[in-house]
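Have the model open beside you as you read.

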Amino acid sequence: MTTAVRENILTAFDTLSPKQRKLARFILESEEVVAFASADELAERVGTSAATVVRFARSLGYDGYPALQGAVRADFPQFRTAAEKMEERVANGALRDGLRERVAQVSIDNVRQTVARTEPGEVERIVEVLCAAERIRIFAGGISSGAAVLAEYAFSMLGLSARAFTDAGMRPVLELSHLDERDVVIGISIWRYIRSTIQVARAAHKAGVTCIALTDNAVAPITRYANHVLVADTEGAAHGRSLGGIVALIDLLSAGIATRQPERSMAAIRRVDNMYRQHGLLTEE
């Protein structure tokens, strides 16, 4: 948490009401929740009212809860804009000195830390859900779109009915209207979080469709509507985020699927290979 927010809370603590003190303690211990939760959601977590949350923020000198939330977010590197990150790295020479080594190390760290934090039991549960699904529909936007296309390819190669949707508007909505409890929705959402992906996850959750979230934070907005969550490290070497950790999760799920149903997976791969040859899709060079 930013020093300013913490100091403001500690300075005002003795003057706060009992309800506000309970809220203060929660914020000091759970800043990641505050970074994403609305005033209503924070109030529910603490067992108070949204009005108390707003009054608390104002008692610390902020215009309201959004201003307090913004101050909390300022302490998280992943919340800085691409321009701010680029400016910082240009200033400290990170884009000039040891560039290749830095890129390699960031990528290695992302994959290693992602795999290390992933709970094997949750991966097994997700693999089971995917293998049993009638249809798998993958939704993403912005930088996450590339991962959605990769997931579609990886799962389809293994014989699953997977399709990626990387645009907003009516197309994802129409697709959602055909899904039921036999199907699975995967939402891929990393900072900055695209509104349409969250909306799709919310709609899927409301309709009773199993939702899996691949994201970069355990309390990211999409996690509110997910039955299963996998979290990836997405630190970037330059201005943006890296998809290396998300790709590692997709590889992990793909390997799990192939291990769980090897015969189906091998048969599907053979069919794809035959299609490549029959239609002359591969270069002879």
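**R241 and its polar contact**

I began with the side chain of R241, which makes a polar contact with the side chain of T234 at 3.2 Å. For a polar contact I took a pair of N or O atoms within 3.5 Å; within protein, one must be able to donate a hydrogen and the other to accept it, and residues adjacent in sequence count only if both atoms are side-chain atoms. R241 sits in the loop between β5 and α13 (244–260). I also noted that R241 is buried, at a relative accessible area of 15%. Buried here means under 20% relative accessible area, exposed over 50%, and partly exposed in between, with a 1.4 Å probe and protein chains only.

**Ground rules**

This is a predicted model, where local features need pLDDT of at least 70, side-chain atom pairs count only at pLDDT 80 or more, and totals for chains, interfaces and linings use all residues. Residues are numbered from 1 along each chain as its sequence is written, and side-chain values use heavy atoms, leaving out hydrogens and water.

**The whole protein**

I found 14 helices and five strands in the protein. Helices (H or I, at least four residues) and strands (E, at least two) are DSSP runs, numbered from the N terminus. Of the 285 residues, 46% are buried. Among contacts with a separation of 6 or more, 68% are between residues 24 or more positions apart; contact means heavy atoms within 4.5 Å.

**The sheet**

In what order do the strands of the open sheet run? I read β2-β1-β3-β4-β5, with parallel pairing. β2 (162–165) and β5 (228–231) are the edge strands with a single partner each, so one side of each has no neighbour in the sheet. Neighbouring strands are turned by 20° against each other on average, direction ignored. Two strands pair if DSSP finds at least two bridges between them.

Four bridges join β1 to the parallel β2, and A164 in β2 is the bridge partner of I138. Strand β4 (residues 210–215) also pairs with β5 in the parallel sense, over four bridges. There, T215 stands opposite V231 in β5.

Next I looked at the helices on the sheet. Helix α9 (residues 120–132) packs on it, touching β1 (136–140), β3 (184–189), β4 and β5, and its direction makes about 125° with that of β5. Helix α10 (residues 145–157) touches β1, β2 and β3, at about 170° to the direction of β2. Axes are lines fitted to C-alpha atoms, for helices over the stretch in contact, and angles run from 0 to 180 degrees between N-to-C directions.

Is β1 mostly covered or uncovered? I found five of its five residues buried. I136, I138 and A140 lie on one side, with R137 and F139 on the other.

A148 belongs to helix α10 and counts as buried, at 0% relative accessibility. Leaving out residues up to four places away in sequence, A148 touches I138, A140, A164, T166 and I188. A148 and F165 are 17 residues apart in sequence and 7.5 Å apart in space, C-alpha to C-alpha.

**Aromatic rings**

I counted three aromatic pairs. W191 and Y193 form an edge-to-face one, 5.5 Å centre to centre with 75° between the planes. Rings of Phe, Tyr and Trp (its six-membered ring) pair if their centres lie within 6.5 Å; planes under 30 degrees apart count as stacked, over 60 as edge-to-face and the rest as tilted.
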